[in-house]
Amino acid sequence: MGILRSLTLLLIALASVLSLPATAQDEDPGEQLLFNLAEAPASKVEEAINAIVSSGDERARGWIEAYGNNRLSRIKDTGQVVLVLNNRGRDWEIANPLTGENMGDMSRRELDRVAINNRIRGQLEGILAMLDLNAADPDVREASAQDMMGKVDASLVAPLEARLEQEGSARVRNRIEEALAIYRVGEGNLEAIDVLAGSLHPRARAALNEAVRGDNPALATKAKQALGTIEQKLKLNRAAETLYFGLSLGSVLVLAAIGLAITFGVMGVINMAHGELIMLGAYTTWGMQQLFPGQPGLALILSIPTGFMVAATAGIIIERSVIQYLKGRPLETLLATFGISLILQQLVRTVISPQNRTVVTPEWMSGSLVINDALSLTLNRLYVLAFALVVFATLMLIMRKTRLGLEVRAVTQNRNMARSMGIRATRVDIMTFALGSGVAGLAGVALSQLTNVGPNLGQNYIIDSFMVVVFGGVGNLWGTLIAGLSLGTINQLLEPWAGAVLAKIIVLVFIILFIQKRPKGLFPQKGRAAEG
Amino acid sequence: MTIKKHVKIGLSALALSVSLNAMADEHPIKVGILHSLSGTMAISETVLKDTVEMLIEQQNAKGGVLGRELEAVVVDPASDWPLFAEKARELLAQEKVDVIFGNWTSVSRKSVLPVVEELNGLLFYPVQYEGEESSENVFYTGAAPNQQAIPAVNYLMNEIGVERWVLAGTDYVYPRTTNKILETYLMDMGVAKEDIMINYTPFGHSDWQNIVSDIKRFGSAGKKTAVVSTINGDANVPFYRELGNQGIAASDIPVVAFSVGEQELSGIDTGPLVGHLAAWNYFMSVDSDANYDFIDQWIEHTGNDEAVTNDPMEAHYIGFNMYIEAVKKAGTTDVDAVKDAIIGVTVPNLTGGYAAMMPNHHITKPVLIGEIQDNGQFSVVWETPSTVAGDAWSDYLPGSRDLIADWRKPMSCGTFNTKTGSCGASAGEMAAADE
């Protein structure tokens with residue numbers, strides 16, 4: 001042990017001697033600071049970081065950030081600390097952290113990462129947040145004050161209070177006060193609880209909960225009261241949140257089912273390959289993103305028309321090659337289209353890959369819309385919800401207000417009569433099937449933002465789609481909308497107490513019982529057409 | 001009479017020369033590959049098929065083993081569990097393969113077990129699993145719970161100070177058994193029942209809003225909270241996406257996953273996930289020459305510069321090399337001889353250490369905890385000081401506490417009860433009884 005220790009000491013001494021000439025040569029204090037950070041054992045990392053922060057070096061922020069992002073490495077041979085600009089693949093692009101000069105690519109084998117973990121990263125976030133508190137943009141200041149919540153320690157109280165003095169924006173002031181209050185509640189300060197009583201932030205609640213469990217009875221009682229008020233407010237928010245979750249799941253169901261509502265509901269074709277048409281739409285999004293690298297948003301918008309066209313074309317091919325010959329034979333249609341769905345799946349597996357494809361979510365669709373600290377609506381789902389409603393409204397318009405819609409309705413109600421009135425029923429068939437398939441493609445484009453784009457994508461939605469259409473009433477678009485949204489909401493209401501698996505089963509049993517009672521669904525078609 | 005005799009002699013001479021000939025050209029060693037190339041599991045299993053093919057190619061380039069070439073026999077069980085049993089039978093009875101590398105899900109392994117035991121085959125199983133099994137004919141090169149789950153929980157408890165636990169998993173045998181083990185373990189360590197939340201979701205679950213929001217609420221009770229995830233397959237992608245969207249950062253509620261590897265992460269933007277954890281016995285980012293060489297070979301084999309390696313691939317790498325070593329040691333591919341020879345065989349792993357085959361047919365592995373980085377890789381933040389030997393029968397389940405497995409003669413038993421001193425049913429019989 002003793003020998004080992006002296007050996008390490010010797011080595012360290014040797015290392016520092018070796019590094020000394022270098023420091024002396026270019027006399028950049030930054031090099032020594034980074035060297036110390038890279039050399040520091042776990043217990044000394046904090047010291048090394050503090051040395052960098054307090055050095056006042058204007059590059060310090062960049063270093064800290066790079067370290068936090070795992071972008072500091074050392075060259076194994078020379079021990080030099082470098083910035084890693086690109087750490088994908090086998091060769092990494094590196095730069096000199098002191099001068100910012102690009103040093104080109106270097107094999108990963110030659111580099112040794114400067115280790116970091118969650119604990120240190122948490123501290124770095126606190127330090128960066130402290131630096132950001134002086135930013136010009138109040139949004140940045142608010143975000144960093146929020147980051148400080150729960151991270152304030154004794155050393156940060158004075159600078160935070162000083163910052164509070166100069167702060168002009170009320171939002172930021174509130175945040176800083178909350179951050180300070182969390183620290184003070186931990187210290188046993190009774191007044192601080194009043195500050196937290198109005199906050200819905202999880203970290204404020206965490207601090208109060210801790211106080212309730214603590215050994216200070218006065219503090220515990222007061223914290224308990226504050227928690228009571230918060231709980232009241234939370235309940236409302238939770239109800240709103242569940243409703244949003246339900247509508248969002250419902251909108252996905254509506255999107256997946258609405259194309260089927262046309263092909264199955266209006267035309268009466270049991271199309272088991274509907275799910276694969278959705279999949280084609282999703283793969284189109286992926287394909288478009290490959291065509292427009294670096295512009296995921298543009299690619300996504302362009303894939304709306306393209307996805308529609310691709311799926312519609314596939315639909316026409318399926319209709320012309322198979323379905324038209326099986327008119328009036330539902331069982332055979334079912335089997336044939338099931339075969340088509342398997343063929344399409346395997347085709348994607350062989351041609352593209354059995355692996356899922358990465359579809360990038362554009363910047364403006366990630367994250368969430370913050371209503372308050374307890375309620376935030378995830379943006380990607382919000383967009384999908386809106387998209388579903390737009391698609392539904394457009395379809396409704398087409399069916400009600402256009403010549404195509406009129407002809408479709410005529411042909412479904414009485415095919416022979418419509419033909420004798422001069423409507424080309426075959427053409428209407430093709431157009432209707434293409435429309436339904438195209439809408440499935442649109443669903444795929446939207447789903448690519450929520451779920452995995454892979455060969456099995458369609459399979460996961462086919463059962464749900466049929467359930468929604470049957471539940472809503474075959475042949476009724478409004479029925480599909482109401483059915484989709486209500487099934488989604490029921491599912492999300494059940495999930496918290498029944499669990500995801502049981503919730504699905506309960507919904508299925510509910511639909512089976514419902515269909516027993518009302519075989520034609522929520523909104524059955526009325527009149528003579530219903531008998532036909 | 002004499003003519004007949006002559007003919008007889010001639011015939012036997014002929015037969016002799018034929019058999020001599022057969023020995024001279026030495027038919028190849030057949031390696032069966034039983035991985036799904038279509039269906040749900042194709043996403044994970046296809047790369048394992050490619051891995052074994054690559055290993056066979058490399059071995060042949062080195063001149064095979066015992067002077068014999070190796071030959072891959074690939075079948076596709078199509079993610080269909082009963083079909084796994086049929087294909088295994090086809091491999092063993094018709095193709096007469098010498099060894100099988102295969103399976104991913106536990107249910108497929110359970111379906112294959114009775115067949116492999118009946119026909120006395122060899123199966124190398126490369127995936128982390130729930131334990132509670134040891135078969136004479138199966139070699140488990142993936143992690144048992146004590147080589148993954150327990151050390152990961154210890155890390156969270158001791159290094160991060162986690163006091164409140166969410167055990168989230170997909171609804172099937174591996175997560176359920178693992179969570180049962182973890183729950184008992186956590187309660188033994190003094191965690192209160194209300195500080196443990198258990199949640200199961202179906203395969204391929206994509207709507208995580210409610211569950212993630214539940215986790216967020218569960219985590220605001222003032223105690224450090226972590227999620228232990230046994231969520232399987234591609235359901236992880238929407239799960240992590242939802243975590244990112246709802247703003248759950250690793251510094252608030254870290255998620256430690258047992259089924260998320262480089263392969264799964266290659267499907268998402270890992271920016272918002274930086275700092276979430278995974279426990280494995282191998283990461284692609286491990287800094288060792290053996291690993292860098294393996295990655296180079298893999299990229300060359302696949303022709304894809306972005307190809308990633310993962311833990312089950314390393315398990316096949318170890319298993320394959322162990323098989324080769326055992327065949328060399330036994331001097332034959334005879335199943336019984338190889339089975340005896342392989343116990344104690346030690347080969348290098350990819351993390352710079354060695355893996356040894358234990359008498360219970362599990363291997364020694366280091367346990368690594370890695371944090372997700374923004375480039376879709378993990379950076380190792382903690383590892384066990386030495387390798388850990390796989391434990392077939394968990395010490396934290398009432399039924400299995402007293403059981404051990406030891407396939408060395410004279411014991412040769414996978415379910416030896418140390419209390420009663422008797423040997424229970426074989427793994428295949430138990431799997432058959434389950435069905």
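Student: Which residue of S4(A) stands opposite A:Asp91?

Tutor: In this predicted model, the residue facing A:Asp91 is A:Ser107 in S4(A).

Student: How do you know that strand S3 (residues 91-95) of chain A and S4(A) are paired?

Tutor: Pairing needs at least two bridges between two strands. Five bridges join S3(A) to S4(A), so the two count as paired, and they run antiparallel.

Student: What lies between the two strands of this hairpin?

Tutor: Six residues lie between S3(A) and S4(A), and in this hairpin A:Gly100 takes a positive phi near 80°.

Student: Why is strand S4 (residues 102-107) of chain A called hardly covered?

Tutor: A residue is buried if 20 or more other C-beta atoms lie within 10 Å of its own. Among the six residues of S4(A), the count that are buried is zero, so the strand is called hardly covered.

Student: Which residues make the contact?

Tutor: H15(A) brings A:Val384, A:Phe387, A:Val391 and A:Leu395, while H18(A) brings A:Val439, A:Leu442 and A:Ala446. By class, the contact has seven nonpolar residues, with no polar and no charged ones.

Student: How is chain A divided into domains?

Tutor: The domain assignment gives domain 1 (26-119), domain 2 (133-214) and domain 3 (246-461) of chain A. Taken over C-alpha atoms, the centres of domain 2 and domain 3 of chain A are separated by 49 Å.

Student: And how is chain B divided?

Tutor: Chain B has domain 1 (25-144 + 287-364), domain 2 (149-280) and domain 3 (403-434). The centres of domain 1 and domain 2 of chain B, over C-alpha atoms, are 30 Å apart. Their contact takes 13 residues from domain 1 and 13 residues from domain 2 of chain B.

Student: Which elements give two or more residues to the side of domain 1 of chain B that touches domain 2 of chain B?

Tutor: They are H2 and helix H4 (106-118) of chain B. The largest share, three residues, comes from H2(B). That side of domain 1 of chain B divides into five nonpolar, five polar and three charged residues.

Student: How many residues are in contact between the two chains?

Tutor: 48 residues of chain B are in contact with 51 residues of chain A. On the chain B side, H7(B) gives the most, with six residues. By class, the side of chain B that touches chain A has 14 nonpolar, 24 polar and 10 charged residues.

Student: Why are S17 and S19 of chain B called edge strands?

Tutor: The open sheet has three strands in the order S17-S18-S19 (chain B), with antiparallel pairing. Strand S17 (403-406) and strand S19 (422-423) of chain B each have a single partner strand, so one side of each is left without a neighbour in the sheet.

Student: How do you know that S17(B) and strand S18 (residues 413-417) of chain B pair?

Tutor: The cut-off is at least two bridges. Three bridges join S17(B) to S18(B), so they pass as an antiparallel pair. In this pairing, B:Ile404 has B:Phe416 in S18(B) as its bridge partner.

Student: Where is the cis peptide bond?

Tutor: The cis bond joins B:Lys409 and B:Pro410, with omega about 5°. B:Pro410 lies in the loop between S17 and S18 of chain B. Most peptide bonds are trans.

Student: Why is B:Lys96 partly exposed, while B:Asn120 is exposed?

Tutor: A residue is exposed with 12 or fewer neighbours, and buried with 20 or more. B:Lys96 has 13 C-beta neighbours inside 10 Å, so this lysine counts as partly exposed. B:Asn120 has 12, so this asparagine counts as exposed.

Note on methods
Residues numbered from 1 in each chain as written. Chains lettered and ligands numbered in written order. Predicted model: local features only at pLDDT ≥ 70, side-chain atom pairs only at ≥ 80, totals over all residues. Contact = placed C-beta atoms within 7 Å. Helix = DSSP H or I, 4+ residues; strand = E, 2+ residues; numbered from the N terminus. Nonpolar A, V, L, I, M, F, W, Y, C, P; charged D, E, K, R; others polar. Domains from an automatic or database assignment.
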